[in-house]
Amino acid sequence: MARILVIEDNPANMKLTNLLLLNAGHSMLCATDAETGLVLARSEHPDLILMDIQLPGMDGLAATALLKQDPATAAIPVIALTALAMKADQEKSRLAGCGAYIAKPLHYQELYAAIDSLMAAAQDSTTSTHPLDQQP
Ligand code: MN
């Protein structure tokens, strides 16, 4: 189980994501814009971030790039969520620092697989700043 920050401006998508995460035993923090999400990422240090790419104001790619530039949040894995399943978009999200990329609508198997894979990679990483948070 992980503490996951979801940054998503669409209420229906937020609700679905919430249900899927709670079903899998994760707990959730929510932000509906990138600016609020960045503040929560720094203050709450979640285990993982689900980042909608299309947000009002700052977009998810810019927000991810800022998270990856800040040593306090750089180690938090980010999964990009987008309605645009385009190759260029996928490449842009990878360059911004997203560890995985999921096209909406969300499919729970794909979401759970991406979360498990990034959480496992984060636990293997020797650069983790929160060893006590890691479960055996
Ligand atoms: Mn959006």
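Let's start at Ser 93, which is found in helix α4, residues 87-96. Helices here are DSSP runs of H or I with at least four residues, strands are runs of E with at least two, and both are numbered from the N terminus. The model is a predicted one: local features need pLDDT of at least 70, side-chain atom pairs count only at pLDDT 80 or more, and totals for chains, interfaces and linings use all residues. Residues are numbered from 1 along each chain as its sequence is written, and side-chain values use heavy atoms, with hydrogens and water left out.

Back to Ser 93. Is Ser 93 buried or exposed? Ser 93 counts as buried, because its relative accessibility is 2%. The cut-offs: buried is under 20% relative accessible area, exposed is over 50%, and partly exposed is in between, with a 1.4 Å probe and protein chains only. Beyond residues up to four places away in sequence, Ser 93 touches Leu 61, Ala 80, Cys 98 and Tyr 101. A contact means heavy atoms within 4.5 Å.

The axes of α3 and α4 come within 8 Å and cross at roughly 25°. Axes are lines fitted to C-alpha atoms, for helices over the stretch in contact, and angles run from 0 to 180 degrees between N-to-C directions. So α3 and α4 are roughly parallel to each other. That label covers angles under 35 degrees; over 145 is roughly antiparallel, 65 to 115 roughly perpendicular, and the rest oblique. Which residues meet there? From α3, Leu 61, Thr 64, Ala 65 and Lys 68; from α4, Lys 92, Ser 93 and Ala 96.

Next, the nonpolar packing. The largest nonpolar core has 21 residues. Such a core is a set of buried Ala, Val, Leu, Ile, Met, Phe, Trp, Tyr and Cys residues joined through side-chain atoms within 4.5 Å. Inside it, the residues with the most contacts are Leu 5, Ile 7, Ile 49, Met 51, Leu 67 and Val 78. Two or more residues come from each of β1, β2 (27-31), α2, β3 (48-52), α3 and β4. Which element gives the most to this core? That is α2, with four residues.

Look at two of those residues. Take Ile 49. Leaving out residues up to four places away in sequence, Ile 49 touches Leu 5, Ile 7, Ala 41, Leu 67, Ile 76, Pro 77, Val 78 and Ile 79. A second, separate core has 19 residues, including Met 14, Met 28, Leu 50 and Ile 79.

Now Leu 5, in strand β1. Leu 5 counts as buried because its relative accessibility is 0%. Its contacts outside four places in sequence include Leu 29, Gly 37, Leu 40, Pro 46 and Ile 49. Leu 5 and Met 51 sit 46 residues apart in sequence, and 8.3 Å apart in space, C-alpha to C-alpha.

On to charges. How many salt bridges does a search of the whole structure find? Five. The criterion is a side-chain nitrogen of Lys or Arg within 4 Å of a carboxyl oxygen of Asp or Glu.

One of them joins Arg 3 and Glu 44, at 2.8 Å, N to O. This pair links distant parts of the chain, 41 residues apart: Arg 3 in strand β1 (residues 3-7) and Glu 44 in helix α2 (residues 34-44). Arg 3 is partly exposed, at 29% relative accessible area. Glu 44 is partly exposed too, at 32%.

Another pairs Asp 70 with Arg 42, at 3.0 Å, N to O. Asp 70 lies in the loop between α3 (60-69) and β4 (78-82), Arg 42 in helix α2, 28 residues apart. Asp 70 counts as buried, at 19%, while Arg 42 is partly exposed, at 44%.

Then Glu 8 and Lys 104, also a salt bridge, at 3.0 Å, N to O. Glu 8 is in the loop between β1 and α1 (11-23), Lys 104 in the loop between β5 (100-103) and α5 (108-124), so the pair ties together parts 96 residues apart in sequence. Both Glu 8 and Lys 104 are buried. Asp 52 joins Glu 8 and Lys 104 in a network of salt bridges.

Asp 52 brings us to the metal. What coordinates the manganese ion? Asp 9 (OD), Asp 52 (OD) and Gln 54 (O), at 2.0 to 2.1 Å. Donors are N, O and S atoms within 2.8 Å of the metal, or 3.2 Å for Na, K and Ca; water is not among the atoms, so sites may look incomplete. Along the chain, the donors follow the spacing D-x42-D-x1-Q. Asp 52 counts as buried, at 2% relative accessibility. Gln 54 counts as partly exposed, at 43%.
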